[in-house]
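Here's a quick briefing to read with the model open next to you.

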Amino acid sequence: MLEGEVRERVEAMIGFAPNEWREVHGGYTPARRYVVRNGSRSAFIKLATTPLTASMLTREIANYQNLSGPFMPRVLGWHEDEVAPMLAIEDLSTAYWPPPWTAETAALVIDQIHRMHGASANIERWGFLDGGREPGWASVARDATPFLSLGLVTQEWLQIALPALVDAETRCELGGEAVTHLDLRSDNICIHNGTVKFIDWAEGGIGSAEVDLGFMLPSLAYEGGPLPDAVMPGAPEVAALVSGYFASRAGLPIIPDAPLVRRVQREQLSTALPWVQRALELPAF
């Protein structure tokens, strides 16, 4: 992927010719990622490699074009292309990337999320909750086999709990006027020179601040941070929506373009399920 054309595109984006290319292995898609350097200058490069990653990176570029704030990395450039778009942002490899979480770092990140939600931007009402998809617990009610295959609950528990779960997620309000990221996890969060930055903006859009924060809380708890209901008490509808999202997906077949996603969904479900069980006062598993 480092043929001459790619190198030329990178140099045009960032304004210098790298003499060091280091491939970065991370993320949950086969997009290629590099940290490039020349002396004191450096940049992080993301290059799409499949139709899925091209679509995601195109959306991310659009968000960077229309949204800015201290919660975002500095953008160095982009190259729009239907097949292989490319994005360059500041190199954050020396930043602090949790976990581990402390009470102080969790509070710092949550405060920055609230500030992000209060920002103004001309971006679309986009996000993985759009598109008329069937709600998660309703999908489980239609076919519980993938969820039950995870072994987290019994079929008897599910039969008792499903009516309350479906009702609560149906009542969760998805609309709103907040700038939302909708993919907040530790791998997309760092602290650089005392400022929290959120990366990977493919799912960003205008929507519900509560839902956006709610989707981050299971992963925070899984990694040793505070429990979801300690951060967002009294939010059974959000707990139902979030847990249903992961319950309806974690047991499905692996996604070829994103083979690690199911594992991450199972991890988040392991803390989202106890959250909704407490929030709705459901029977023990």
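Leaving aside its neighbours within four places in sequence, which residues is Ser 219 in contact with? They are Leu 184, Arg 185, Gln 268 and Thr 271, where contact means heavy atoms within 4.5 Å. Before going further: this is a predicted model, in which local features need pLDDT of at least 70 and side-chain atom pairs count only at pLDDT 80 or more, while totals for chains, interfaces and linings use all residues. Residues are numbered from 1 along each chain as its sequence is written, and side-chain values use heavy atoms, with hydrogens and water left out.

**Ser 219**

- Ser 219 sits in helix H7; helices (H or I, at least four residues) and strands (E, at least two) are DSSP runs, numbered from the N terminus.
- Its relative accessibility is 7%, so Ser 219 counts as buried; buried means under 20% relative accessible area, exposed over 50%, and partly exposed in between (1.4 Å probe, protein chains only).
- The side chain of Ser 219 reaches the backbone oxygen of Met 216 at 2.9 Å.

**The five-strand sheet**

- Five strands make an open sheet in the order S1-S2-S3-S5-S4, with antiparallel pairing; two strands pair if DSSP finds at least two bridges between them.
- At the edges are strand S1 (20-23) and strand S4 (75-79), each pairing on one side only.
- From one strand to the next, the twist averages 20 degrees; axes here are lines fitted to C-alpha atoms, for helices over the stretch in contact, and angles run from 0 to 180 degrees between N-to-C directions.
- Helix H1 (residues 4-14) packs on the sheet and touches S1, strand S2 (32-38), strand S3 (41-47), S4 and S5. The direction of H1 makes about 45 degrees with that of S5.
- Helix H2 (residues 51-66) lies across S3, S4 and S5, and runs at about 45 degrees to S5.
- S4 and S5 form a hairpin with six residues between them. Four bridges join S4 to S5 (residues 86-89), and the two run antiparallel.

**Leu 87 in the sheet**

- Leu 87 belongs to strand S5, and Trp 78 stands opposite Leu 87.
- At 3% relative accessibility, Leu 87 counts as buried.
- Leaving aside neighbours within four places in sequence, the contacts of Leu 87 include Met 13, Phe 44, Leu 57, Ile 61, Tyr 64 and Val 75.
- Leu 87 is 82 residues from Glu 169 in sequence, and their C-alpha atoms are 36 Å apart in space.

**Helix H6**

- At 1.5 Å a residue, the 16 residues of H6 (155-170) should span 22 Å, and the end C-alpha atoms are 22 Å apart, which agrees. The expected span of a helix is 1.5 Å times one less than its number of residues.
- H6 has a kink of about 50 degrees at Ala 161, shortly before the proline Pro 163; the bend at a residue is the angle between axes fitted to the seven residues ending there and the seven starting there.
- The buried residues of H6 are Trp 157, Leu 158, Ala 161, Leu 162, Leu 165, Ala 168 and Glu 169.
- Those buried residues pack against helix H4 (136-142), helix H5 (145-148), helix H9 (236-247) and helix H10 (261-279).

**Helix H9**

- H9 is largely enclosed by the rest of the structure, because 10 of its 12 residues are buried. Among them are Val 238, Leu 241, Val 242, Tyr 245 and Phe 246.
- The buried residues of H9 pack against H4, H5, H6, helix H7 (209-222) and H10.
- The 12 residues of H9 should span 16 Å at 1.5 Å a residue, and its end C-alpha atoms are 16 Å apart, which agrees.

- Most residues other than glycine have a negative phi, and most peptide bonds are trans.
- The peptide bond from Pro 98 to Pro 99 is cis, with omega near 5 degrees. From Pro 99 to Pro 100 the peptide bond is cis, with omega near 10 degrees.
- Pro 99 is in the loop between S5 and helix H3 (103-117), and Pro 100 is in the loop between S5 and H3.
- Asn 193, in the loop between strand S7 (189-192) and strand S8 (195-198), has a positive phi near 50 degrees. At 71% relative accessibility, Asn 193 counts as exposed.
- Asp 200 has a positive phi near 60 degrees, and lies in the loop between S8 and strand S9 (205-207).

Terms used. A polar contact is a pair of N or O atoms within 3.5 Å; within protein, one must be able to donate a hydrogen and the other to accept it, and residues adjacent in sequence count only if both atoms are side-chain atoms.
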